[in-house]
Amino acid sequence: MDAEVREAVLRGDFSGAIKRLTTLIESEQGADPLRLAQLRCNRAGCYERLELYKHVVKDCDQALQLDPNHLRSYIRKGHAIRRLNKKKEWQKYVDVAKAKLEIAGDVDIELLLQLRELVNHPFELP
């Protein structure tokens, strides 16, 4: 993670972190898609802390277009969909996420377990 972003997050300045991440995303267009997916997912995490769940879903969707196997984006998107209370979208999300669980290869086991826990529980607001 970028040092400026890390410092802003540690200070609780999520708006500042979002601004820096936006600058990085814009300056790295055409760069490595995996890097751009990570930047978008990081920005989604900042939006999540500010409870801007529509922005979380949007950034996670864009991250998943860049890297369809980005598990952290699936996890963040799932939490945001729940917070938005979108039951129809939740079911579509669960179907796609469960398919990812079935084909997950060499991935971070902690992320895999978080995703599995998220999709195996019925829709309910936290």
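# Talking through a helical model

Q: To start with the burial, what share of the 126 residues in the protein is buried?
A: Buried residues make up 40% of the 126 residues in the protein, and please keep in mind throughout that this is a predicted model.

Q: And the secondary structure, how many helices and strands are there?
A: The protein has 7 helices and 0 strands, so that, read from the N terminus on, its elements run α-α-α-α-α-α-α.

Q: How much of the contact count comes from residues 24 or more positions apart?
A: Counting the contacts in the protein with a separation of 6 or more, 51% are between residues 24 or more positions apart.

Q: What about the surface, how much of it belongs to carbon and sulfur atoms?
A: The accessible surface of the protein comes to about 7,600 Å², and carbon and sulfur atoms account for 49% of that area.

Q: OK, the core next. How many residues are in the largest nonpolar core, and which have the most contacts inside it?
A: The largest nonpolar core has 30 residues, and the ones with the most contacts inside it are Val56, Tyr93 and Leu115. Helix 1 (3–11), helix 2 (14–27), helix 3 (33–49), helix 4 (53–66), helix 5 (71–84), helix 6 (87–103) and helix 7 (109–119) each supply at least two residues of this core.

Q: Which helix gives the most to this core?
A: That is helix 2, which gives 6 residues to the core.

Q: You mentioned Val56, so what does valine 56 touch?
A: Leaving aside residues up to four places away in sequence, valine 56 touches Ala44, Tyr47, Glu48, Arg76 and Ala80.

Q: How far does helix 4 reach from its first C-alpha to its last?
A: Helix 4 has 14 residues and reaches 20 Å between those two atoms, which is close to the 20 Å expected at 1.5 Å a residue.

Q: Switching topic, how many aromatic pairs does a search of the whole structure find?
A: The search finds 1 aromatic pair. The rings of tryptophan 90 and tyrosine 93 have their centres 5.2 Å apart and their planes at 35 degrees, so the pair is tilted.

Q: Where do tryptophan 90 and tyrosine 93 lie?
A: Both lie in helix 6, where they are 3 residues apart, about one turn of the helix. In general, an α-helix has 3.6 residues a turn, so residues three or four places apart point the same way. Tryptophan 90 is buried at 3% relative accessibility, and tyrosine 93 is buried with a relative accessible area of 4%.

Q: Now the loops, where is glutamate 51, and what is its phi?
A: Glutamate 51 is in the loop between helix 3 and helix 4, and it has a positive phi of about 60 degrees although it is not a glycine. That deserves a second look because most residues other than glycine have a negative phi. Glutamate 51 is exposed, with a relative accessible area of 58%.

Q: And asparagine 85, what is its phi?
A: Asparagine 85 has a positive phi of about 60 degrees as well, and asparagine 85 is not a glycine either. Its place is in the loop between helix 5 and helix 6, and at 42% relative accessibility asparagine 85 counts as partly exposed.

Q: Last one, is aspartate 67 buried or exposed?
A: Aspartate 67 is buried, with a relative accessible area of 14%, and its place is in the loop between helix 4 and helix 5. Not counting residues up to four places away in sequence, aspartate 67 touches Leu34 and Ala37.

Methods
Residues are numbered from 1 along each chain as its sequence is written. This is a predicted model: local features need pLDDT of at least 70, side-chain atom pairs count only at pLDDT 80 or more; totals for chains, interfaces and linings use all residues. Side-chain values use heavy atoms; hydrogens and water are left out. Helices (H or I, at least four residues) and strands (E, at least two) are DSSP runs, numbered from the N terminus. Buried means under 20% relative accessible area, exposed over 50%, partly exposed in between (1.4 Å probe, protein chains only). Contact means heavy atoms within 4.5 Å. Accessible areas come from the Shrake-Rupley method with a 1.4 Å probe; for residues, only the protein chains shown count as cover. A nonpolar core is a set of buried Ala, Val, Leu, Ile, Met, Phe, Trp, Tyr and Cys residues joined through side-chain atoms within 4.5 Å. Rings of Phe, Tyr and Trp (its six-membered ring) pair if their centres lie within 6.5 Å; planes under 30 degrees apart count as stacked, over 60 as edge-to-face and the rest as tilted. The expected span of a helix is 1.5 Å times one less than its number of residues.
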